[in-house]
Amino acid sequence: LTGVIFGSDDYLARLGAVRTESRNELTYARQHIVTHTAAYGVQAIDIVHIDYKDLDSLRVEAREGVEMGYTGKQIIHPMQIDPVHEIFAPTQQEIDWAKGLVAAFEEHDKSGKGAFTYQGRMIDRPLFLQARNIIAKSVHY
C-alpha cells in the first residue's frame, strides 16, 4: 500500500449526508484519513472537486488539503491539473526558507544546543523536519 484516496462522495452517500460548499461535513474524515496515512507513511490523496469548472474554489479546496497534510488531490478534468500543481508545489520562497533553515539547523546542531532563532522564529527539530519535507516535495514539481 503506497497511498489512500478519500472517496468523499462515497463516504457521504454511506452516511446519508449532503455535500455542501463549506465541506464541513467532510472535515473530520479528511483529518482522520491524513492522520492515519501519516502514521503509516503512505500518501494521502484528497477529495475530488466535483465543480470542475470552478477553478477558484478548486484552489481553495486544494489549499485546505495542503494545510491538512495531504500529498495530492484527485482531479476529474485536465483543466484542474495546473491549479492543483500550483497549490501543492512549494513556492520558491518556501524552498529558499527551507534550505536556509536546514543549513542553519545543521550548523546549530553541531553546538549541541536545543532550539534557536531563524528569521525571527523559534526553531527546533519539528520545524527542521517540516523544512526537509518542503525540500523533498520540491523535487516532484
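Analyst: Lys-73 and Asp-46 form a salt bridge, their closest N and O atoms being 3.9 Å apart; the term denotes a side-chain nitrogen of Lys or Arg within 4 Å of a carboxyl oxygen of Asp or Glu. Lys-73 lies in strand β3 (residues 72-73) and Asp-46 in strand β2 (residues 43-46), so the pair ties together parts that are 27 residues apart in sequence. Helices (H or I, at least four residues) and strands (E, at least two) are DSSP runs, numbered from the N terminus. Both Lys-73 and Asp-46 are buried, where buried means under 20% relative accessible area, exposed over 50%, and partly exposed in between (1.4 Å probe, protein chains only).

The model is predicted: local features need pLDDT of at least 70, side-chain atom pairs count only at pLDDT 80 or more, and totals for chains, interfaces and linings use all residues. Residues are numbered from 1 along each chain as its sequence is written, and side-chain values use heavy atoms, with hydrogens and water left out.

A salt bridge also joins the side chains of Arg-23 and Glu-61, at 3.6 Å from N to O. Arg-23 lies in the loop between α1 (8-15) and α2 (27-40), and Glu-61 in helix α3 (residues 55-68), so this pair ties together parts that are 38 residues apart in sequence. Arg-23 is buried, with a relative accessible area of 9%, and Glu-61 is buried as well, with a relative accessible area of 2%.

Lys-73, Asp-46, Arg-23 and Glu-61 are among the members of a network of salt bridges. Asp-9, Arg-19, Arg-30 and Glu-64 are also linked in that network.

Within helix α3, Arg-59 and Asp-56 are three residues apart, a separation of about one helical turn. Their side chains meet in a salt bridge with an N to O distance of 3.6 Å. Arg-59 is partly exposed, its relative accessible area being 26%, whereas Asp-56, at 57% relative accessibility, counts as exposed. As a general principle, side chains of opposite charge can pair when their charged atoms come close.

In total, the structure holds 11 salt bridges.
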